[in-house]
Amino acid sequence: VHVLVTGATGTGKELVSRAIHQQSTRRHRPFVKVNCAALPADLLESELFGHEKGAFTGAATTRIGKFEQADGGAIMLDEIGELTPALQAKLLHVLQDAEFTKLGSNKPVNVDVRIVAATNRNLEKMMASGEFREDLYYRLRVIELTVPPLRERRDEIPALTESFIARYARKYKRPAPRISPQLRQLFQEYEWPGNIRELENTIKRLVILQD
């Protein structure tokens with residue numbers, strides 16, 4: 001079923017989404033990620049659904065979109081709250097009928113895709129203000145998982161710290177620094193407003209500078 005993953009920036013929503021896919025019966029099929037905030041609406045529609053040759057200026061060839069790439073597997077729509085009303089309507093059509101049409105085409109394309117949507121925005125408030133479709137919200141939110149901020153998961157900090165040290169020591173070919181008891185205590189007490197991403201970059205800097 002479709003899953004909605006919510007939580008603040010940097011909490012690990014993409015890792016949770018990938019874990020959902022890896023534990024599913026679709027794990028041997030593609031997992032395709034799309035950041036809905038990274039492209040303007042006209043390019044995002046082509047990115048998601050593809051286009052026919054000549055559909056718009058610069059469309060020199062026919063191109064399949066991310067939904068076709070993910071057929072049989074899953075697609076992660078990151079920052080789902082950034083979709084325009086027109087794209088929300090087209091996504092709803094895909095959810096309802098398991099088909100879509102490419103830009104510049106009248107021929108429907110059938111797909112079997114599981115959607116894992118992620119957002120750091122409050123979609124219920126967006127529905128109340130008319131920014132997000134209510135019917136789309138309930139289609140996506142068959143299961144909702146909320147990823148709490150790191151300050152509410154302090155028991156995970158030691159394991160995450162060791163994992164990041166090992167990863168970046170290998171990547172940058174640097175000695176794995178030892179974390180003193182005092183620093184470990186500070187890590188446990190700090191609020192981590194940037195969540196796991198902030199912890200990761202802190203460890204990356206520590207490994208590189210060895211300071």
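Predicted model: local features only at pLDDT ≥ 70, side-chain atom pairs only at ≥ 80, totals over all residues.

Student: Let us begin with strand 6. How many of its residues are buried?

Tutor: A residue counts as buried when its relative accessible area is under 20%. Strand 6 covers residues 114-119, and six of its six residues are buried. Arg-114, Val-116 and Ala-118 point one way from the strand, while Ile-115, Ala-117 and Thr-119 point the other way.

Student: Which strands are joined to strand 6 by bridges?

Tutor: Strand 1 is joined to strand 6 by four bridges, and the two run parallel. In this pairing, Leu-4 stands opposite Ala-117. Strand 3, made of residues 74-78, is also parallel to strand 6 and is joined to it by five bridges. Here Ala-74 has Arg-114 as its bridge partner.

Student: I now turn to the aromatic rings. What describes a pair of them?

Tutor: Two quantities describe such a pair: the distance of the centres and the angle of the planes. The count for this model comes to seven aromatic pairs. One of them is formed by Tyr-137 and Tyr-138, with 5.0 Å centre to centre and 70 degrees between the planes. This pair is edge-to-face because planes over 60 degrees apart are given that name.

Student: Why is the pair of Tyr-168 and Tyr-172 called stacked?

Tutor: Their ring planes stand at 20 degrees, with the centres 5.9 Å apart, so the pair is stacked; the cut-off for that term is under 30 degrees. Both residues lie in helix 7 (residues 157-172), four residues apart, which is about one turn of the helix. Tyr-168 is buried, with a relative accessible area of 5%, whereas Tyr-172 counts as partly exposed at 30%.

Student: Which residues do ring pairs link into a cluster?

Tutor: The cluster consists of Phe-49, Phe-67 and Phe-100.

Student: How should I read the nonpolar core?

Tutor: In soluble globular proteins, nonpolar side chains tend to be buried together. In this model the largest nonpolar core has 31 residues, and those with the most contacts inside it include Phe-67, Ile-75, Leu-77 and Ile-115. Among the elements that give two or more residues to this core are strand 2 (31-35), helix 2 (41-49), strand 3 and strand 6. Helix 4 gives the most, with five residues.

Student: Where is nonpolar surface found, by contrast?

Tutor: Val-1, Val-142, Ile-143 and Leu-145 form a nonpolar patch on the surface, and together they have about 330 Å² of accessible area. Val-1 belongs to the segment before strand 1 (3-6). Val-1 is exposed, since its relative accessible area is 59% and the term applies over 50%.

Student: Finally, how far apart are Glu-152 and Lys-173 in sequence and in space?

Tutor: They are 21 residues apart in sequence, and their C-alpha atoms are 33 Å apart in space. Glu-152 is found in the loop between strand 7 (143-146) and helix 7. At 56% relative accessibility, Glu-152 counts as exposed.

How values were computed: Residues numbered from 1 in each chain as written. Heavy atoms only, no water. Patch = residues over 30% accessible without salt bridge, like charges linked within 9 Å, V, L, I, M, F, W, Y side chains within 5 Å. Areas by Shrake-Rupley, 256 points an atom, 1.4 Å probe, with all protein chains shown as cover. Salt bridge = Lys/Arg side-chain N within 4 Å of Asp/Glu carboxyl O. Buried < 20%, exposed > 50% of the residue type's maximum accessible area, 1.4 Å probe, protein only. Pairing = 2+ DSSP bridges. Phe/Tyr/Trp six-rings, centres within 6.5 Å; stacked < 30°, edge-to-face > 60°. Core = buried A, V, L, I, M, F, W, Y, C linked by side-chain atoms within 4.5 Å.
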